[in-house]
Structures are given as structure tokens and as C-alpha cells.
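Subject: Structure handover and notes

Dear colleague,

Please read them alongside the coordinates.

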Amino acid sequence: MSRLVDSLPEPARVRDKKVIVLSRSRMGTFSLYQALAVLGYKPYHMAEALKNGENDLIMMEQAMRCKFLGGGKPYGKPEFDKWLANYDAIIEIPQFFIPEFVDSYPDAKFILTERDIDSWATSFRNTAGKVFEDVRHFPWNVTRLLDPLIAAFCDANTTWDEVIFVTATLGQERRPGSQDQQKRINYRSAPGSRETTDHPCSW
């Protein structure tokens, strides 16, 4: 797979990473994004990726695909520095790349929020879980043909779904192959749980 990040020029400046939030989505990450901005940081969150346009979503999707789905060379510090050069606080993205961020930015301050597991699962199912399903159907599957940003958004969410198996783990309708996925992952791999799993995003 050709990686978009490889075609980008080297940034003139890479901000030192001061704060890295390891928590999963739906665990106060957007509030942290807003709070860190108020405190004077330059934070990166999914909301920032959407504002920046399709290239950020493509890099996010490809980073997931490379690490978990055999799509190519996994991202490391050189790739993250290109992608996140203008930011000094990183939120949501690190949940899938914890060893990479810990190794790449050892001087950063790390934050891990926790939430009741059942409350988190319900929240995730009713937000991101719905998006994962919706992008496969009308009108998303039509509008993606007309707008590169929507196409990148749909592709990113489809890949996230494939990686974390939302439909299998949060009790939604199963798609083909999800019975095997059910054996491989339990949503209690989220922060706050002490259960273990062989899922690639487990804690």
C-alpha cells in the first residue's frame, strides 16, 4: 500500500509533544481537547482531523491499516512527527498506538482517564458504533462519491470498525466473520477494566 505520509515534505518545525492522552474515545477526550486548548496547548483530536481535511483522515486510516491489517510499514516517530508536527498535545489517536507514543515521546506527560465499563460501552455503541454502521449505507455511500472528505471519513470509520470489531463486541447485529471476531475480543479491554484479551488494541 502506498502511504500518503511518505509523500509529505519534512516539516520545517516539529513541536515537542508535551501531553499525550491514552484514553479511548467516549472517555472525556473531547473535554480534554477543549481544556488543553484553553490552557494554551495546541491539541490534536478527531475534531482537528476533520477540520484539517481528507489528508489527515487518510493518514489516520492508513496508520491503523498498516499496524493491524498488514497494509504496509507501521507508523513510528518519523511518521507521527510529519502528521502531527504542529501539535504538542495528542488525544484519541494514541489509544491505538500506545507503545509507539510512549517510546517516541518519553518526555511527554501521559494522561489516562477511566470510566465505568458499562457506561462507556453504551456511550460508544450509541455514538461511534452508529457511525461505523451508517457510513456503509445511504446517503453516505453515495455522497462519498462526490466529496473526497466524506470518502476519507467513511474509509477511516470502516477501517476502525474492522480493527476494533465494534459490531461483534458491543452487541450489535453481526456481520459475516464476526462470530470468530467475538472469540478474539471483548469490549472489556477498555481502560478501567482489568480483563485481558488478545485484541490488538487491548490494554
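The buried residues of helix H10 (residues 148-164) are Ala 151, Ala 152, Phe 153, Cys 154, Ala 156, Asn 157, Thr 159, Trp 160, Asp 161, Val 163 and Ile 164, where buried means under 20% relative accessible area, exposed over 50% and partly exposed in between, with a 1.4 Å probe and protein chains only. Helices (H or I, at least four residues) and strands (E, at least two) are DSSP runs, numbered from the N terminus. The N-terminal end of H10 is capped by Asp 147, which has a side-chain oxygen 2.8 Å from the backbone nitrogen of Leu 149.

This is a predicted model, in which local features need pLDDT of at least 70 and side-chain atom pairs count only at pLDDT 80 or more, while totals for chains, interfaces and linings use all residues. Residues are numbered from 1 along each chain as its sequence is written, and side-chain values use heavy atoms, with hydrogens and water left out.

In helix H7 (residues 117-126), the buried residues are Ile 117, Trp 120, Ala 121, Ser 123 and Phe 124. Seen down the axis of H7, these buried residues fall within an arc of 165 degrees, so they line one face of the helix; the arc is that of the directions from the helix axis to the C-beta atoms. Asp 116 caps the N-terminal end of H7, with a side-chain oxygen 3.2 Å from the backbone nitrogen of Asp 118.

Four strands form an open sheet with parallel pairing, in the order E2-E3-E1-E4, where two strands pair if DSSP finds at least two bridges between them. Its edge strands, E2 (43-44) and E4 (109-111), each pair on one side only. Strand E1 (residues 19-21) pairs with E4 in the parallel sense over three bridges, and Ile 20 stands opposite Phe 110 in E4.

Finally, Gln 62, in helix H4 (residues 54-68), is buried, with a relative accessible area of 10%. Leaving aside residues up to four places away in sequence, Gln 62 touches Met 1, Ser 2, Arg 3, Leu 4, Val 5 and Tyr 75, contact meaning heavy atoms within 4.5 Å. Gly 70, in the loop between H4 and helix H5 (77-83), is exposed, with a relative accessible area of 69%.

Best regards

Conventions: Polar contact = N/O pair within 3.5 Å; in protein donor to acceptor, adjacent residues only side chain to side chain.
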